[in-house]
Each structure stands twice: as structure tokens, then as C-alpha cells.
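Below is a short report on one protein model. The sequence and structure come first, and the notes follow.

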Amino acid sequence: MSTLAKAKGFKKSRAGTYLSIGTTAFGALSVIKQARKARTENDTLQLIDAVVSAAAIATGVAILLRELKRLGDDDVLLG
């Protein structure tokens, strides 16, 4: 099995999905920092950017959680 095939298999695995959720949540820290800075500087455009980024992160996490649920549904031992 090639390294690329292993990487694709890991991405579709339970551990890979958890890692993706963690990475996405870590990105939320940057967005929070950006929003705080925008509020203190009264920068409406940066605040809008932070809100849109937060919505993208929330959507990404929701998609990953759905994938995690699908992985669980496929597991014979879980249900």
C-alpha cells in the first residue's frame, strides 16, 4: 500500500476524523483572537471576516461530526 493510499485511508478513519475536528477547533482560537482585535479597533470589516470564518468553522465541525457518526453506523460492534 502506498503512502498516499495510507493517508487517504487515515483521513476516512475515526482517528483521522478526530484529528480533523481538533485541527478545526484549534483554528477557532485564531478567529476568536481576530474578533477581539476587530472589536477593540472598531474594525467592522475584520469583524465581519471573523464572523464568516466562525461560520465556516462551525459548518466544518458539523460535517466532521456527521462523518464520525457515519463511521460509527458502519461499525457492526457499535450498533
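What share of the contacts in the protein between residues at least 6 apart in sequence join residues at least 24 apart? The share is 58%, where contact means heavy atoms within 4.5 Å.

## Basis and confidence

This is a predicted model, in which local features need pLDDT of at least 70, side-chain atom pairs count only at pLDDT 80 or more, and totals for chains, interfaces and linings use all residues. Residues are numbered from 1 along each chain as its sequence is written, and side-chain values use heavy atoms, with hydrogens and water left out.

The mean pLDDT (the predictor's confidence in each residue, from 0 to 100) is 83 for the protein. A score of at least 70 is reached by 77% of the residues. Among the elements, helix α1 (residues 3-11) has the lowest mean pLDDT, 54, while α2 has the highest, 92.

## Overall architecture

The protein has three helices and zero strands, in the order α-α-α along the sequence. Helices (H or I, at least four residues) and strands (E, at least two) are DSSP runs, numbered from the N terminus.

Of the 79 residues, 13% count as buried. Buried means under 20% relative accessible area, exposed means over 50%, and partly exposed lies in between (1.4 Å probe, protein chains only). The protein exposes about 6200 Å², and carbon and sulfur atoms supply 65% of that area. Accessible areas come from the Shrake-Rupley method with a 1.4 Å probe; for residues, only the protein chains shown count as cover.

## Helix α2

Helix α2 covers residues 14-40. Its 27 residues reach 40 Å from the first C-alpha to the last, close to the 39 Å expected at 1.5 Å a residue. The expected span is 1.5 Å times one less than the number of residues in the helix. The buried residues of α2 are Gly-16, Thr-17, Ile-21, Val-31 and Ala-38. Thr-17 counts as buried because its relative accessibility is 2%.

Ile-32 also belongs to α2, but it counts as partly exposed because its relative accessibility is 43%. With Phe-26 and Leu-29, Ile-32 makes a nonpolar surface patch of about 340 Å². Patches are made of residues with over 30% relative accessible area and no salt bridge; like charges are joined within 9 Å, and nonpolar side chains (Val, Leu, Ile, Met, Phe, Trp, Tyr) within 5 Å. A salt bridge is a side-chain nitrogen of Lys or Arg within 4 Å of a carboxyl oxygen of Asp or Glu.

Asn-42 lies in the loop between α2 and α3. Its phi is positive, about 55°, although Asn-42 is not a glycine. Most residues other than glycine have a negative phi. Asn-42 is exposed because its relative accessible area is 69%.

Helix α3 spans residues 44-74 and includes Ala-62. Ala-62 counts as partly exposed because its relative accessibility is 44%.

Between Ala-62 and Ile-21, 41 residues apart in sequence, the C-alpha to C-alpha distance is 9.2 Å. For Ser-53 and Ala-28, 25 residues apart in sequence, the corresponding distance is 8.4 Å. A further pair is Thr-17 and Glu-67: their C-alpha atoms are separated by 7.5 Å, and the two residues are 50 apart along the chain.
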